[in-house]
Amino acid sequence: MVEFMFALAIGILFGIGVFQLLRRDLIKAAIGFAILFSAINLFFVAAGAFEGEFPPYLSNVQAGRPTSDPLVQALILTAIVVSFGSFSLVLGIVNIISKRYDTVDSNDVTQLKH
Amino acid sequence: MTDNALLLGALATPLIGAILALVSARSNQTQRAIGVATGGIAWLFAAGLLAQVHELGVQTYALGGWQPPYGIVLVADALGALFAFMVTTIMIAGLLYTYHCHDKCMTYPAFVPLFLLMEVGLVGAMLTGDLFTLFISMELMVLASVSLTAISDDQFGLEAALKYILISSMGTLFLLLGIAAMYATLGTLNMAQIAQTLLTGERPFLAPAAALMLLCAFLLKSAVFPFHFWQPDFHTTAPTPISAMLSSIVVKVGVYGIFRLVTLLFIEEAFLLERLLGVLGVIGIVFGSLGALRTYNAKRMLAYSTFAQIGFILVGIGWGNTLALVGAIVYAFNHAFIKSALLMLMGVVASYTKIKTADFAQVRGLGTKLPPLLGWLVLLGGLSLAGVPPLNGFISKLALIQGGVDNGDWANLIIVVAAGILTLMYMIRAWQQIFQQAPLPSTTETKPVGDSMVAPFLLITICLLLGTVFAEPLVQLVSETVRQMMNPQIYIAGVGLG
């Protein structure tokens, strides 16, 4: 049941993320990007979360208890840092665009089309 | 398995250089000097690595002493070392151009550090043996190039940067999704171990889906047909040395990833992927060449031309036999030199205009007032791109066409040969407009000093050498590379598995 809820959550987050990314409002698009990244991070966690129910301490491993995979957690920590960096860069660019073009509507940010 | 410190050197030198450049942000000249010096040292490491790989076989470096398949391992096989060598060579030219460039954005304290971080990302992507590190390197490369384009002197740079980062992040997300799918089904991220497991014929549920997701991410990075629309804007508006890097080596990261997909990771699915790549490549050739013919801006023309040239490489991968793969790699190698040289030359031309631009309407006839050497260099570069002997473009076209003849795919072969004529047409058109026609009244005002053409001059010289003296060694080197690529066991055994 938990697995199903988890899968559902990933799917819904992915859907919301893609929807937001395609919005005309650039700030909403940036936030959609962050949501999309969270969905994929959750998918990564799900790859190792349901193997065992004990934390991967040495004592648990030696006692032969089924432990969860610690590697995915290390990986998504890195992925979160990367996503944070790109998210702040997107927001920074949107910030300068909002000043220079006086709008965040992507329909009006079309000076390249000339 | 022994650690080879050259691998770490090639990766760490630009990183240390970036930090040093950031520390010495007070003096812009010091920063630029650090940039050139770092590029040179990284090149020495990459050249040594290439020599060692061909003498001693696959070289590895286990980061932090964690042995594969558990730790992150840097791997230089023949393909990775060759591409890393190409990247560091072009990077020196880019940093040299930066040294003498008059753009305002080069004086920003973050410019040189970001440039070097882009090199870290590029070299890292080519030398890593771990899928997750590949993701990190590609993201580093994307973030650095986006920042560099956003601060461009061109007022449209910001808009192009936003366009690219939103699209490219989508691609990176798909790359991460593919990597997660691989990890969920195979339990490893080491490329050698993934290849080993998939070679046994085992096909986990998510593996084909992961292959397609990785392919999409790589196609997006190389701006291939359905994902190409960001590329002309982004490559046109970037500062000159950056657009030279973007159009020559950054697009090659995707090509490198595709090579890895079809020759190492997904050999059984390779046939299907190659069919797809062949079709996409032909579309790229036709529309890229036609697009380049009708542009109004010299830099934009070269960006469209990159779209077409990547098509040639993909058609070579699509043919898939040994000769065609040799052709594709030689093509990728030569194209990097020609295209970066041409973009820098157009940058030099543009730097003489009152408001820096490469619009044909603004630069028409400008060349008649510039040193004649510039015109000859542009002409040589254009002829090389079109594949006229004795320049290196001819060698790559010849190798590719041999592969096509060997494959017997006559329909695509005709398109490839005909597109060479289109290339000649758009390059000669640009050359005539800039260097042959009478200047317009609007172009009578020029700046007295433009950018230095040392870097493009060196690159064109290398092109001439590659087409004549070094043609034979290059083709032999690439043939040896392809021989290693065709046998994935060499890579797997080199990492210490299998």
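Chain B is divided into domain 1 (1-268 + 487-498) and domain 2 (269-467), with bounds that come from an automatic or database domain assignment. The structure is a predicted model, in which local features need pLDDT of at least 70 and side-chain atom pairs count only at pLDDT 80 or more, while totals for chains, interfaces and linings use all residues. Residues are numbered from 1 along each chain as its sequence is written, and chains are lettered from A and ligands numbered from 1 in the order in which they are written.

The C-alpha centres of domain 1 and domain 2 of chain B are 23 Å apart. Contact between the two domains involves 37 residues from domain 1 of chain B and 37 residues from domain 2 of chain B, where two residues are in contact if their C-beta atoms, placed from the backbone, lie within 7 Å. On the side of domain 1 that touches domain 2, the elements giving two or more residues are helix 3, helix 8, helix 9 and helix 10 (240-265) of chain B. Helix 10 of chain B supplies the largest share of that side, 13 residues. Helices (H or I, at least four residues) and strands (E, at least two) are DSSP runs, numbered from the N terminus.

The largest nonpolar core holds 221 residues, of which A10(B), L49(B), A84(B), L345(B) and V349(B) touch the most other members. Such a core is a set of buried Ala, Val, Leu, Ile, Met, Phe, Trp, Tyr and Cys residues joined through C-beta atoms within 7 Å. A residue is buried if 20 or more other C-beta atoms lie within 10 Å of its own, exposed if 12 or fewer, and partly exposed in between, with C-beta atoms placed from the backbone. Helix 13 of chain B contributes the largest share of this core, 22 residues. Because domain 1 and domain 2 of chain B both give residues to the core, it lies between them. Beyond its neighbours within four places in sequence, V349(B) is in contact with A358(B), V363(B), L366(B), G367(B), L374(B) and I434(B).

L323(B) also belongs to helix 13 of chain B. This residue, L323(B), is buried, with 20 other C-beta atoms within 10 Å. Not counting residues up to four places away in sequence, L323(B) touches Q402(B), G403(B) and D406(B). The C-alpha atoms of L323(B) and L400(B) are separated by 7.4 Å, although the two residues are 77 residues apart along the chain.

Helix 18 (residues 454-467) of chain B has 14 residues and reaches 20 Å from its first C-alpha to its last, close to the 20 Å expected at 1.5 Å a residue; the expected span is 1.5 Å times one less than the number of residues. The buried residues of helix 18 of chain B are A455(B), P456(B), L459(B), I460(B), C463(B), L466(B) and G467(B). Seen down the helix axis, these residues fall within an arc of 130°, so they line one face of helix 18 of chain B. The arc is that of the directions from the helix axis to the C-beta atoms. The buried residues of helix 18 pack against helix 3 (78-99), helix 13 (322-351), helix 15 (372-386), helix 16 (392-407) and helix 19 (471-486) of chain B.

Helix 7 (residues 191-199) of chain B has 7 of its 9 residues buried, so it is largely enclosed by the rest of the structure. The buried residues are M191(B), A192(B), Q193(B), I194(B), A195(B), Q196(B) and L198(B). Their cover includes helix 5 (131-150), helix 6 (157-186), helix 8, helix 10 and helix 20 (488-495) of chain B. Just after helix 7 of chain B, G201(B) takes a positive phi of about 95°.

Strand 1 and strand 2 (residues 73-76) of chain B pair in the antiparallel sense over 4 bridges, pairing being assigned if DSSP finds at least two bridges between two strands. T60(B) has V75(B) as its bridge partner in strand 2 of chain B. Both faces of strand 1 (residues 59-62) of chain B are covered, with Q59(B) and Y61(B) buried on one side and T60(B) and A62(B) buried on the other.

A positive phi in a residue other than glycine is found at A223(B), near 55°, and at D102(A), near 65°. A223(B) is placed in the loop between helix 8 (207-221) and helix 9 (231-237) of chain B, and counts as buried, with 27 C-beta neighbours inside 10 Å. D102(A) is in the segment after helix 4 (71-101) of chain A and is exposed, with 8 other C-beta atoms within 10 Å.

The contact between the chains takes 24 residues from chain A and 23 residues from chain B. On the side of chain A that touches chain B, helix 2 (26-49) and helix 4 of chain A are the elements that give two or more residues. Helix 4 of chain A provides the largest share of that side, 13 residues.
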